[in-house]
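Take a look at the model, try each task, and then follow the solution step by step.

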Amino acid sequence: MTDDPRPRRRLFDSGFFFILAIALASGAGVLVTQGWEAFREILLSDLGLAALLMPKIAAGVLLATALALVLPKDKVLHHVGPESGVRGLAIAATAGAVIPGGPAVTFPLTAGLMTAGADLAAGVAMVTGWILLGLNRTIVWELTFLPADLVLLRVLLSLPVPIVLGLALRAAVRHRARRRAS
């Protein structure tokens, strides 16, 4: 018997059925309004995209699982756990900002870090840091097409957002815990 505190995941959960319902409704909508040929074309295109994404998704899932097993839980708790304070949120936001790649990399890394001991607020700070402060996107895309002062202003205004969201989430969690205790 193991003392694994991680929640068990089901293959078919509410998220799967939600996405399935939207996909079926969208497919039915295309079939009814656009006809069989458009439906078939979109279906084949989506299946091709799914085939392209599957290796990345599989690698991401493997990465998320491996991180939880390889990272020392005490160090993860210390650096980005619930008691890590603003420093932990800044670490998570910085990690999000420097992660190259898209959601196939960022989301599994965040999930793996959270499974290894990072709290929900650190996960929010990491994903928000990736979305708002991604260095790769800022340097390659924004500075290529936009004036440098606009990019600098956008980054400066976005800088505190991951930490503020993380702090707000931790405060909400503490408030909820106090209400349950009383």
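Helices here are DSSP runs of H or I with at least four residues, numbered from the N terminus. Please keep in mind that this is a predicted model.

**Exercise 1.** Describe the contact between domain 1 and domain 2.

Step 1: Find the parts. Domain 1 covers 12-70 and domain 2 covers 72-181, with C-alpha centres 27 Å apart.

Step 2: Look at who takes part. Domain 1 gives 8 residues to the contact and domain 2 gives 9.

Step 3: Turn to area. About 560 Å² is buried between the domains, and carbon and sulfur atoms give 79% of this. On the domain 1 side, Ala64, Leu67 and Ala68 lose the most area, together 54% of what that side buries.

Step 4: Check for charged pairs. The count of salt bridges between domain 1 and domain 2 is 0. By class, the touching side of domain 1 has 6 nonpolar, 1 polar and 1 charged residues.

**Exercise 2.** Locate the salt bridges of the whole structure.

Step 1: The search finds 3.

Step 2: Glutamate 37 and arginine 40 pair at 3.0 Å, N to O. They sit 3 residues apart in helix 2 (residues 36-70), which means about one helical turn separates them.

Step 3: Arginine 170 pairs with aspartate 119 at 2.8 Å. Arginine 170 is in helix 9 and aspartate 119 in the loop between helix 5 and helix 6, so the pair ties together parts 51 residues apart in sequence. Both residues are buried.

Step 4: Arginine 154 and glutamate 142 also meet at 2.8 Å, N to O. This pair links helix 8 with helix 7; arginine 154 is partly exposed at 23% relative accessibility, while glutamate 142 is buried at 11%.

Methods: Residues numbered from 1 in each chain as written. Predicted model: local features only at pLDDT ≥ 70, side-chain atom pairs only at ≥ 80, totals over all residues. Heavy atoms only, no water. Domains from an automatic or database assignment. Contact = heavy atoms within 4.5 Å. Buried area = accessible area lost by both parts, 1.4 Å probe. Salt bridge = Lys/Arg side-chain N within 4 Å of Asp/Glu carboxyl O. Nonpolar A, V, L, I, M, F, W, Y, C, P; charged D, E, K, R; others polar. Helix = DSSP H or I, 4+ residues; strand = E, 2+ residues; numbered from the N terminus. Buried < 20%, exposed > 50% of the residue type's maximum accessible area, 1.4 Å probe, protein only.
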